[in-house]
Amino acid sequence: MRFNVQYLSFFVIQVESREGQAVKSYKHFQTLDEQEYVDSEISKFLDGEFARTAKRKVEKNPNSEQPPTKIGRFIVEPGHDLDSNPNFNLFLRLRTTDNKEDYKNACDDLLRSYLDTSAVRGGALIIVQAVLATHLDDPFIFVFKCDFEQKIARISDEKSLVSQVEMAINAKNMKSIQYPYMPEEGIVEDWELKIHQSSHARYFEDFLKFVTYEQSIPEIVNEHVMEFVQTYVENKWPDSSHEERHQEERELELWAASDKRNLQEKWEPEQVVEAAKSIIEIKPEIEIKFKLGETFIKGFLADYGDKIHLTKLREGYAVIIEGDAFTFDKSYSPVELLQPESFRAVADRLLQSQNELPDDMEEE
């Protein structure tokens with residue numbers, strides 16, 4: 001996958017603190033056309049970044065709540081076209097300019113809009129119009145943001161050894177926007193763009209105020225579970241003024257807000273399996289992860305009730321996991337040499353140890 005650069009504008013953003021306020025400014029360094037870019041040093045710096053950005057994997061419904069790479073979709077009011085979206089218009093203007101001066105002015109407009117966001121940091125902003133070598137009439141816009149690197153030095157001479165490099169940037173942690181999004185080579189989605197940024201920051205989400213993003217899988221699952229919980233409460237206590245209902249709602253609210261949650265022991269296994277079915281329909285590979293004591297267990301939600309079973313044992317719990325074979329990591333352990341007991345033998349042994357407990361510790 002090869003891209004040919006048609007225009008490139010290079011800007012440097014400065015952010016200074018004055019009297020407790022962030023003062024933001026920028027300077028336009030240069031705008032290059034196709035031939036000037038080929039002959040420039042920056043072509044070596046950006047070599048491979050276009051294809052790397054276009055090929056970077058992304059999911060509309062990511063598996064984590066704050067993934068570094070997202071697909072955004074332009075927001076429009078019902079009955080309105082794409083050109084009613086101001087963010088889209090910024091990119092459209094950049095895609096359709098065909099001379100250096102107009103392109104530089106369009107980049108100025110994008111940069112001024114970007115400076116209005118709270119997450120701006122000093123660095124280089126590079127805005128590129130490029131075409132896929134096999135599809136020359138369909139331009140892409142790439143926006144690359146490189147933050148300034150701290151404490152960068154280069155080898156100087158025998159006397160001073162190193163010299164400080166000011167305003168150093170590198171491509172390793174480069175943030176990027178690609179418009180339009182290209183799910184497959186040569187296929188573009190005019191309504192969508194792809195952003196890549198550090199997961200702890202919202203560099204481009206703050207900038208693109210009129211772009212929306214699909215929910216992540218954890219967000220979808222959480223939403224579904226809370227819907228099931230609300231239905232469960234309403235069915236058990238139809239009277240909304242019932243004190244037990246209020247108490248249950250308070251308990252579930254605390255449960256939902258906790259980062260580390262315990263088993264609630266409210267639903268029968270059949271209810272859990274039924275609720276899990278509708279979640280699995282969204283994505284069959286949705287995981288279930290939990291700790292029992294100090295043991296971490298990870299599997300698929302679809303396996304609950306089939307290959308993963310939770311049970312009570314003495315004053316605590318046990319997990320039964322079924323599978324065809326064990327797989328161990330490279331480091332050895334004596335457990336790998338085990339000739340397993342039958343399930344019945346283990347169950348009898350655990351039950352026998354339970355019967356040997358003092359009477360006041362046995363289950364009722």
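Pro-180 sits in the loop that joins β8 (175–179) to β9 (181–184). Strands here are DSSP runs of E with at least two residues, helices are runs of H or I with at least four, and both are numbered from the N terminus. The peptide bond from Tyr-179 to Pro-180 is cis, with omega near -5 degrees. The model is predicted, so local features need pLDDT of at least 70 and side-chain atom pairs count only at pLDDT 80 or more, while totals for chains, interfaces and linings use all residues. Residues are numbered from 1 along each chain as its sequence is written, and side-chain values use heavy atoms, with hydrogens and water left out.

Two other loops hold residues with a positive phi. Glu-265 lies in the loop between α8 and α9. Its phi is about 55 degrees, although Glu-265 is not a glycine. Glu-265 is partly exposed, with a relative accessible area of 47%. Buried means under 20% relative accessible area, exposed means over 50%, and partly exposed is in between (1.4 Å probe, protein chains only). Arg-314 is placed in the loop between β15 and β16. Arg-314 is not a glycine either, yet has a positive phi of about 50 degrees. Its relative accessible area is 28%, which makes Arg-314 partly exposed.

Helix α8 was examined along its length and around its axis. The expected span of a helix is 1.5 Å times one less than its number of residues. For the 15 residues of α8 this gives 21 Å, and the end C-alpha atoms are 21 Å apart, so the two agree. Arg-245, Glu-248, Leu-252 and Trp-255 are buried in α8. They lie on the same side of the helix, because they cover an arc of only 85 degrees around the axis. The arc is that of the directions from the helix axis to the C-beta atoms. An α-helix has 3.6 residues a turn, so residues three or four places apart point the same way. The buried residues of α8 pack against α7; contact means heavy atoms within 4.5 Å. The face turned away from the buried side carries the exposed residues Glu-253, Leu-254 and Ala-257.

A pocket is an open set of points on a 1 Å grid over the protein atoms alone, where a 1.4 Å probe fits, with protein on both sides within 12 Å along at least five of seven lines; lining residues have an atom within 4 Å of a point. A volume is the space filled by probe spheres set on the points, which are joined across faces, edges and corners. Helix α7 (217–236) gives the largest share of this lining, nine residues. The lining divides into 28 nonpolar, six polar and 12 charged residues. Ala, Val, Leu, Ile, Met, Phe, Trp, Tyr, Cys and Pro count as nonpolar, Asp, Glu, Lys and Arg as charged, and the others, Gly among them, as polar.

The second largest pocket has a volume of about 1100 Å³. Among its 30 lining residues, Val-319, Ile-320, Ile-321, Phe-343 and Val-346 are the closest to its centre. Its lining takes two or more residues from each of β15, β16 and α10 (343–355). The largest share, seven residues, comes from α10.
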